[in-house]
Amino acid sequence: MTKERQLSALKVLGGVILAIVLLTFPFIFKKPFPQRMMILIFMYALLGEAWNILGGYAGQVSLGHAIFFGLGAYTSSFMLIRWGITPWLGMVAGILIAVVISIIIGYPCFRLAGHYFAIATIAAGEIVAITFLNWKLMGGAIGLFLPLLDESLLNFEFHSSKAPYYYIILAMLVVTVFIAYRIERSRLGFYFRAIKNDPDAARSLGIDLTKYKLIAMIISAALTAVAGTFYAQYLLFIDPHTVLPLMLSIQMCLIPVLGGTGTIAGPIIGSCILIPMAEYTRVYLAGKVSGLHLFLYGLLIIVFAVFQPAGLMGLVQRYRRRG
Amino acid sequence: MALLEISNLTKRFGGLVANNAVSMEVNEGEIVGLIGPNGAGKTTLFNCISGFYSSDGGSVVFEGKDITRSSADQVCREGMGRTFQIVKIFKDMTVLENVMIGAFCRTTSPERARAEALKTLEFVGLVEKRDVPGGSLTIAEQKRLELARAVATQPRLLMLDETMAGLNPMETREAVELLRKINAQGVTLIVVEHVMEAIMTISDRIMVLDYGKKIAEDVPEKIAQNEEVIKAYLGERYYARS
């Protein structure tokens, strides 16, 4: 066997083992804590992948992505509470609303370059958060409590075990990764990278900047909204502080930055590191040092910005090129 | 009908008139040189024609179609390519990927874009470097890559902004050869250049800009003797003495 074939056989084997481990995980670890941890890792990996399409590939750093997460969560929850509509349909409605809002925000903001775009998205995020905080119909600061329904896939509620949530978010992550993979290998992915590298050169080669930035934004917002609905169904309670805070937007950005922007594996790696770190510090140091995980986040941002701006995947790629 | 017709094109930056009612025609298959002292408005003219600037007056007609108000990406898709005075390559992308971006202008299929890009790289002589990141090329190679990328969009008119600046004599000769090869494929060229030796040998016609105005337009031999041009380049005093 040649070295390459050995390597690809190894990859297939690794993939099969990973799939078995992921699929049997809830049967082996039955306690809520590890299951909750995995669910959060998957969800944040999904959010990171979604952010990565706009921020990583197309280079438009958004710090307002909580907007789309919140819109997904609020839309499906509101439709369920008001009209008893299944969250799955609510999810579709949430996607549509997130897409519309993403165009409304993106169209004017994409005229801004670099940092100014990021600042504008922060402002947009705060506007949406404050709107929901004062919107009586949407529960205002109190938030929305979702009705307890019978356990079923249609109702998107499971009470006796977290395992179904685990499989749902895993499936959502797999679909998201597949979408990102397809984009990366298509003209769309090439165009996104060209826009990130040099917008003027991209224009001179026939790329309509606004159009392609908007496409990136729409895909990114739609996927983020899906995660929003999932989170609402998982917690069965939402308020502006849980689904619309600036901290959430920063986290969505930080995960791919840590793992490596503009790569498929980056957001997954980032989530696998950041989420356990946040969860463990929150659990074990809760009473003693509050907000320690935020401190560690800050420290990580500084370390990576200075020493490894390409993220962990940058290290992998450098190693590969040498080897 | 000329391939490109520019009439009374004007561009102002505040009080400065960068292009003052410039008119010119470019015929299919020609190589037209565009020269002038620094700040004469050559790059501004390029930017106005290629849709990077919106002009303040006049019109640009390409293949009978008015493209005065078209955006830069539309202009490219209409069949007009350009390069930049200061090279703008996609540094994080490989040489092949750089050229694929150009090829994607005519196809959505990555396979076809790859094949087209490889053909173009072969044509400009960069095919051995295909897997190298664009940012690690030498300046001469980067300029050639930029040219390849524009060629891959399959333009009928190509506007080149100082593709030879900063090249050594050997590289300049290679660049001239390459431009001739591109022209032989049926691509019309407008070339901005400071390397006189190159522009005099390659151009069918030369247009001279000074202070935003067209001061001369003729075949290279006549341009070299044109009084206005000598004044613009060397100053009134030198002209009087000669």
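This is a predicted model: local features need pLDDT of at least 70, side-chain atom pairs count only at pLDDT 80 or more; totals for chains, interfaces and linings use all residues.
I looked up α11(A) and α12(A) first: they are roughly perpendicular to each other, because their axes cross at roughly 105° and anything from 65 to 115 degrees counts as roughly perpendicular.

Helix α11 covers residues 246-259 of chain A and helix α12 covers residues 265-284, and their axes come within 7 Å.

On the α11(A) side I found A:L254, A:I255, A:P256, A:L258 and A:G259. They meet a set in α12(A) that includes A:A265, A:P267, A:I268, A:I269, A:I273 and A:L274. I then sorted the residues of this contact by type and got ten nonpolar, four polar and no charged.

Over to chain B. I traced an open sheet of six strands with mixed pairing, and wrote down its order as β6-β7-β8-β3-β9-β10. Which strands stand at the edges? They are β6 (80-82) and β10 (213-218) of chain B; each has a single partner strand, so one side of each is left without a neighbour in the sheet.

I zoomed in on one pair. Strands β3 (residues 31-35) and β8 (residues 188-192) of chain B run parallel and are joined by four bridges. I noted B:L34, whose bridge partner in β8(B) is B:V192.

Last entry: what packs on this sheet? I found helix α6 (residues 169-184) of chain B there, touching β3, β7 (157-161) and β8. The direction of α6 makes about 150° with that of β8(B).

How values were computed
Residues are numbered from 1 along each chain as its sequence is written. Chains are lettered from A and ligands numbered from 1 in the order in which they are written. Axes are lines fitted to C-alpha atoms, for helices over the stretch in contact, and angles run from 0 to 180 degrees between N-to-C directions. Helices (H or I, at least four residues) and strands (E, at least two) are DSSP runs, numbered from the N terminus. Angles under 35 degrees count as roughly parallel, over 145 as roughly antiparallel, 65 to 115 as roughly perpendicular and the rest as oblique. Two residues are in contact if their C-beta atoms, placed from the backbone, lie within 7 Å. Ala, Val, Leu, Ile, Met, Phe, Trp, Tyr, Cys and Pro count as nonpolar, Asp, Glu, Lys and Arg as charged, and the others, Gly among them, as polar. Two strands pair if DSSP finds at least two bridges between them.
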